[in-house]
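Have a look at the chain shown here. The paragraphs after it go from the whole fold down to single residues.

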Amino acid sequence: MIEYVDGALWLDNGLLRLGLVPALGGRLLSLSTPDSGELLWRNEELLTDDLVLRREHRPHGGTLGDWVNYGGDKTWPAPQGWEREDQWAGPPDPVLDSGAYTAEVHNGADTDVVTLTSGDDPRTGLRLSRRFELARGRCGYRLTLTGTNTSARTVRWALWNVTQLAADGAGGTDVAGPPEVTELLAGTGFPRWRPTAGGVHVPHQDVVGKLGFPAATGRWSHTGNGSTLTQSFAVDPAAAYPDSGSRVEVWMEHPLPAPLAGLGDLDPPARIVECEVLGPLTTLAPGERMTLTIDCEVTAGEGEG
């Protein structure tokens with residue numbers, strides 16, 4: 001079943017409920033089950049539980065300190081950066097991150113589908129779309145990402161899906177694959193991690209920083225508050241990936257006494273972990289497209305502390 005209420009699209013199959021807000025960069029801003037409650041981190045100062053804005057929203061650019069972080073799950077182009085034309089200088093940006101997406105809705109006999117599509121971004125040359133499929137009887141959904149080159153020039157980007165989750169209390173993220181870890185960014189330091197039988201575990205912790213996982217084999221799971229969200233996706237061992245070959249990235253942040261000047265005055269609003277899936281870097285001629293499919297499952301269970 002799909003409902004449209006006060007600017008939000010709700011998909012619900014009785015086992016899983018998704019809340020999407022097309023006007024806020026095509027974000028998934030609520031993910032819950034009847035038993036788990038909310039799995040995603042959402043900025044409650046900006047949105048109600050019904051995903052109604054508490055203040056006016058306007059598309060905007062600027063530095064990281066200007067970013068209005070609504071939370072949830074969103075798609076961006078990678079690599080990120082502010083030094084070169086082949087880097088995405090966001091968030092924020094006025095099209096892909098904070099611009100309005102259009103919505104196409106299909107109520108099927110077995111599967112409901114919502115496709116959210118951005119405007120054409122002159123900076124990257126891309127148009128992004130996010131297709132959500134929620135089938136009957138499944139406590140999970142499929143997310144298919146597409147990036148289309150709508151410009152008149154050849155571009156090279158990767159799809160980058162970012163899922164924000166609360167990092168309060170016990171819990172953490174498990175990344176499947178050999179324990180190869182790249183230290184990517186330290187605001188206050190690099191997150192600590194430990195190898196496990198099947199990969200790497202990154203516990204909740206008070207740090208602002210990012211790790212990359214170049215040997216990730218196509219799955220991460222985050223556990224907190226008694227529920228686990230798992231995302232599975234295909235990797236291409238022969239392809240080049242952004243950020244020193246990272247296929248998965250984990251970013252962590254927590255509130256600080258003052259904004260981080262070295263990160264564009266980033267001012268973290270809460271204890272947050274971002275679990276990020278990256279596709280391969282892809283060269284696109286005008287009109288060509290790239291895709292990335294992510295299967296998402298929700299299960300009950302406690303993770304490691």
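This is a predicted model: local features need pLDDT of at least 70, side-chain atom pairs count only at pLDDT 80 or more; totals for chains, interfaces and linings use all residues.

The C-alpha atoms fill a box of roughly 50 × 45 × 40 Å along the principal axes. How does the radius of gyration compare with that of a compact globule? For 305 residues, such a globule would have a value near 19 Å; the chain has 18 Å, so the two agree.

Burial comes next. Of the 305 residues, 54% count as buried. Contacts can be sorted by their span along the sequence. Among those between residues at least 6 apart, 64% join residues at least 24 apart.

The chain exposes about 12400 Å². Carbon and sulfur atoms supply 49% of that area. On the charge side, there are 24 positive and 41 negative side chains. The centres of the two sets lie 3 Å apart.

Start with Leu24, in the loop between strand E3 (17-21) and strand E4 (27-33). Is Leu24 buried or exposed? Its relative accessible area is 1%, so Leu24 is buried. Which residues does Leu24 contact, leaving aside neighbours within four places in sequence? The partners are Leu29, Leu47, Leu53, His57, Tyr70, Asp97 and Gly99. Gln80 is 56 residues from Leu24 along the chain, and their C-alpha atoms are separated by 20 Å.

Gly198 sits in another stretch of the chain: the loop between strand E14 (194-195) and strand E15 (199-203). Not counting residues up to four places away in sequence, Gly198 touches Val175, Ala176 and Gly177. Asp174 is 24 residues away from Gly198 in sequence. From C-alpha to C-alpha, Gly198 and Asp174 are 8.6 Å apart.

Last, the cysteines. A disulfide is a covalent bond between the sulfur atoms of two cysteines. How many disulfides does the structure hold? The count is zero. Take Cys139, which is in no disulfide. The cysteine sulfur nearest to that of Cys139 belongs to Cys296, 11 Å away. The cut-off for a disulfide is 2.5 Å between the sulfurs. Cys296 is in no disulfide either. For Cys296, the nearest cysteine sulfur is that of Cys275, 11 Å away. Cys296 counts as buried because its relative accessibility is 0%.

Technical notes. Residues are numbered from 1 along each chain as its sequence is written. Side-chain values use heavy atoms; hydrogens and water are left out. Buried means under 20% relative accessible area, exposed over 50%, partly exposed in between (1.4 Å probe, protein chains only). The radius of gyration is taken over C-alpha atoms; the globule rule is 2.2 Å times the number of residues to the power 0.38. Contact means heavy atoms within 4.5 Å. Accessible areas come from the Shrake-Rupley method with a 1.4 Å probe; for residues, only the protein chains shown count as cover. Lys and Arg count as positive and Asp and Glu as negative; His and the chain ends are not counted. The place of a charge is taken as NZ of Lys, CZ of Arg, CG of Asp or CD of Glu. Helices (H or I, at least four residues) and strands (E, at least two) are DSSP runs, numbered from the N terminus.
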